[in-house]
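My notes follow in the order I looked things up.

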Amino acid sequence: MATQKRTVEVALSTTGLDAEGRPQRVPLVTANDGAAVAVEAPPAIEPDLAGEHMLINIGPQHPATHGVLRLVLELDGETVVRCIPHVGYLHCGFEKIGEYRQYNQIIPWTDREDYLNSIGNNCAFSLGAERLFGVDITPRCTVLRVMAMELSRIISHLVWLGTTCIDIGAFTPFLWSFQERENVYNLLEGWVGARLTTSATRVGGMAADIPDGWIEGLRNFIRTFPKTIDEIDRMLTKNGIWVGRTVGLGIMSPEEAVNWGLSGPMVRASGVAYDVRKDFPYLDYETYDFDVPVGTNGDVYDRYLVRMEEIRQSVRILAQAVDRLPDGPVNVDDPRLILPPKSKATSEMESMIHHFKVVMEGPRPPLGEAYVAVESPKGEKGYYMVSDGTSKPVRWRIRPPSFVNLSAIPKMVEGHLLSDVIAINASIDIVMGEIDR
Amino acid sequence: MGLTPRPEHRVVEYDPSSQEGWVATRLDFLVNWGRANSLWPMPFGTACCAIEFMATAASRFDLARFGMERMSFSPRQADVLICAGRVPFKLAPVIRRIWQQMAQPKWAISMGACASSGGMFDNYAVVQGIDTIIPVDVYVPGCPPRPEGLMYGIMMLQEKVKRERMNDATLRNEMEPDPKSQLWIPAPTIDELSEPFGNSVHQTRSGL
Amino acid sequence: MTGPFPIEYAGSASKDAPAPATPRNVPNRGGAVNPSAADLRTRFGASIRRVDVVWGETNVYVAPEAVLDIIRWLHDDPSQRYDYLSDVTAVEYRDLEQPIEVVWHLRSLPYRRFLRVKAQLTKNRPLEIPSVWSIYKSADWLERECFDMFGIMFVGHPDLRRILMWEQYREGFPLRKDFPLRGRFSRAEQLRQALAANPEARYSMEELSIADAFEDLPTEMRQRLRSGERTGE
């Protein structure tokens, strides 16, 4: 496969590597007067010897498959000729169970499907359910959900960063990114009581308003977090090993990316400027001032750059959201959706009846269907709900971005080496919980 | 909670009526100490619990102080299988195979509600507890369990390891599944363990 | 094909349209119709059975025979340019008399439009619908999943087999309404069937042909594979 001709100014942190990241050939004997001798160009990579193709099975239990993914590879020497992925090892019947649960009861399920973006999924599902019910949430809830979704984007990208670094060989950024995730976990735990599976939203509002001092905690995070990202950036972006291992791998052209249904950083790294927040906005994202990074080469290195920049843009959005958080109620004032305060439910008859109906039967939307898509860290995440007027949906469909992104992996790894398969797989940023549901 | 100390918190005493002898007891202590403090985990991580497991291994909660920072993704070199996450039926033969490939002495921790009992996934796709497939030593509840919870489960396992005795040959018995059905516990037991909990069936199960 | 690629902007064909905004006060029925619906009516006439606008989204009900032509036209026509297939799924209603609907979610990135195309399949006939794989490669796995969960055959799909359940899964199609939540078999039976997967036969014949590994298998394994036994993963 052709090597990528591209100029990346690389401050080589290791000596002895040439501009393409291969070891320089230093002749053993220099000229007598100590002057430098011209280094001979390294020979062209020979094609692998003709022979049988090898069958290699990666997974489903494997450290580098980011969950229970099974890749069957046909190898010609070290080069991948064909890749046959097998998924479904984490299929847990989410969509079936959604037909047996009320809308608020489905929210804990949305945590567990893309478990790196739990609170983002909660918000996405609630947006879909609110569209189905025909309610508009309060301004305060809108800004809180933006904060939740951007925090979620940051922690998801941090997991991607940490695990990709481990896959490619750098262990330390994993510890740094997980330490930053702990700071966000503290914030989420202070808000809803859970670190990972938050279940933070309800149809029509949030499970709880933010506690006192939470905003100061978030401001603190916004102030201290960019230093870690800068440090990781300094370590990786111009590192000869990192560049050599990621440039030119897994290229998808823009037409292919759109046709294969890629979304999120996968499609943006290929040069297609499609971000659901900008093109089909929700939660007033059009009023926030942020940029969407777009790459031009469609390879693993560009996906890395896109995600790193997205983290920075998320911090930018958080700073704006913190400044514009309005006062007011968090939940919509609709007794058929929102539980009344306990004091009223135990003293007023009307509130008690509302409480009973909301808990026992669940809120019932009108007949209809709604598909609401958000920009999750993995791509276009959509929830499609069909209602027949009862409190449980007829169909709850999750449009999984990682599922569609992963379907392109046979195309991306063809012709690459075995270790590149791991790097390309890491760059897709898959979550098996979402793929298999 | 409560005034009665948990059994495992009592110091394991030497039983003078046993025929073990001084050397065997010291050897037991040494071997168990070595095993308990260097349990190499085999992280069979599938879902959200795997993320909390990774967080437990990271710098804030740090598994290295238990000697467990060396994750062994090859079952041949692992001591404890930590099943972190839900196990669907498609993955069942895989976890059975991995368990059989681990060399004795081996233990299993079922981390989270889904691995312990199927969790919130009481449907057609999910195994209702991995103890229907492999023998489990410690169950850690939670969805997902906090890192402190997982560490408490690991400490319980360490105490279980420390209570082992060399002359107890049954400890290292390998699980033998029935060759025809591949089940290692009888089918009616599996059905009973997997039944929905609560009002739907067996109203008097808890005795209330 | 290698980069650098020129950047394509969503909304590039609708530069004078108003900037996209968060929808508010979306009515249950009625509201702005996607212009593609009218264009479809003009072009395909009777194949377009119905057009609804529900919660701001345009749903176009089409005849199942005309699905491939309609979607191909939506993809190719320069005034439509639905270049992005978001999702292919199916809906079965609780009223078992109602037909199963196959749903396509299409997006036009240049025009920033969203369209839902639906085809209804009555249940007294085999559930077959043309595959749109030849138009959108993203349909590959999406249609496989739809087949796995509902049993709908996508005619023209290159490799229609189960994707989420294992290939020899015998309980049925999980998302059908007559499929119970906990499955048809007892838990022990489900476990027995799952564990019966033969680890050595874990590869399909196609995969085994890669390494000529078939010859290396023991004789009785080869016989069993030849006779069609699979784990079917």
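Predicted model: local features only at pLDDT ≥ 70, side-chain atom pairs only at ≥ 80, totals over all residues.

**Entry 1: α5 and α6 of chain A**

I started with which residues of α5(A) meet α6(A). From α5(A) I listed P173(A), W176(A), E180(A), N183(A), V184(A), L187(A), G190(A) and W191(A). Facing them in α6(A) are W214(A), G217(A), L218(A), F221(A), F225(A), T228(A), E231(A), I232(A) and M235(A). By class I get eleven nonpolar, four polar and two charged residues in this contact.

Next I checked the geometry. The axes of α5(A) and α6(A), the latter being residues 214-236, are 10 Å apart and the packing angle is about 170°. An angle over 145 degrees counts as roughly antiparallel, so that is what I wrote down for α5(A) and α6(A).

**Entry 2: chain A against chain B**

I then asked which helix of chain A gives the largest share of the side that touches chain B. It is α5(A) again, with four residues. In total, 24 residues of chain A contact 25 residues of chain B. The elements giving two or more residues to chain A's side are α1 (94-98) and α5 (172-192). I sorted that side of chain A by class and got twelve nonpolar, nine polar and three charged residues.

**Entry 3: α2 of chain A**

Is α2(A) mostly buried or exposed? Nine of its eleven residues, in the run 103-113, are buried, so I call this helix largely enclosed by the rest of the structure. The buried ones are Y103(A), N104(A), I106(A), I107(A), W109(A), T110(A), D111(A), R112(A) and E113(A). I also looked up what they pack against: within chain A, α1, α3 (118-133), β4 (201-202), β9 (395-399) and α17 (432-436). Chain B joins in too, through its α2.

I have 17 helices and nine strands, and 56% of the 437 residues count as buried. Of the contacts between residues at least 6 apart in sequence, 68% join residues at least 24 apart.

**Entry 4: the sheet in chain B**

Over to chain B, where four strands make an open, parallel sheet in the order β1-β2-β3-β4. β1 (41-45) and β4 (138-140) are the edge strands, each pairing on one side only. From one strand to the next, I get an average twist of 20°. α5(B) packs on the sheet, touching β2, β3 (107-111) and β4 of chain B, and its direction makes about 170° with that of β4(B).

β1(B) and β2(B), residues 80-84, run parallel and are joined by five bridges. M42(B) has L81(B) as its bridge partner in β2(B).

**Entry 5: α2 and α5 of chain B**

How do the axes of α2(B) and α5(B) cross? They cross at roughly 80° and come within 9 Å, with α2(B) covering residues 48-57 and α5(B) residues 147-162. That makes the two helices roughly perpendicular. The α2(B) side of the contact is E52(B), F53(B), A55(B) and T56(B), and the α5(B) side is P147(B), L150(B) and M151(B). By class, I noted five nonpolar, one polar and one charged residues.

**Entry 6: the largest nonpolar core**

This core has 231 residues, and I wanted the ones that touch the most other members. They are V80(B), L81(B), I82(B), C83(B), A92(B), I95(B) and M111(B). The element that gives the most to the core is α4 (residues 139-168) of chain A, with 16 residues.

I followed up on V80(B). Leaving out residues up to four places away in sequence, V80(B) touches L39(B), P41(B), M42(B), K106(B), W107(B), A108(B), I109(B) and L157(B).

**Entry 7: chain C**

Last stop was chain C.

Chain C has six helices and eight strands, running β-α-β-β-α-β-β-β-β-α-β-α-α-α from the N terminus. Buried residues make up 39% of its 233 residues. Among contacts in chain C between residues at least 6 apart in sequence, 54% join residues at least 24 apart.

Note on methods. Residues numbered from 1 in each chain as written. Chains lettered and ligands numbered in written order. Buried ≥ 20, exposed ≤ 12 C-beta atoms within 10 Å, placed from the backbone. Contact = placed C-beta atoms within 7 Å. Nonpolar A, V, L, I, M, F, W, Y, C, P; charged D, E, K, R; others polar. Axes fitted to C-alpha atoms, helices over the stretch in contact; angles between N-to-C directions. Parallel < 35°, antiparallel > 145°, perpendicular 65-115°, else oblique. Core = buried A, V, L, I, M, F, W, Y, C linked by C-beta atoms within 7 Å. Pairing = 2+ DSSP bridges.
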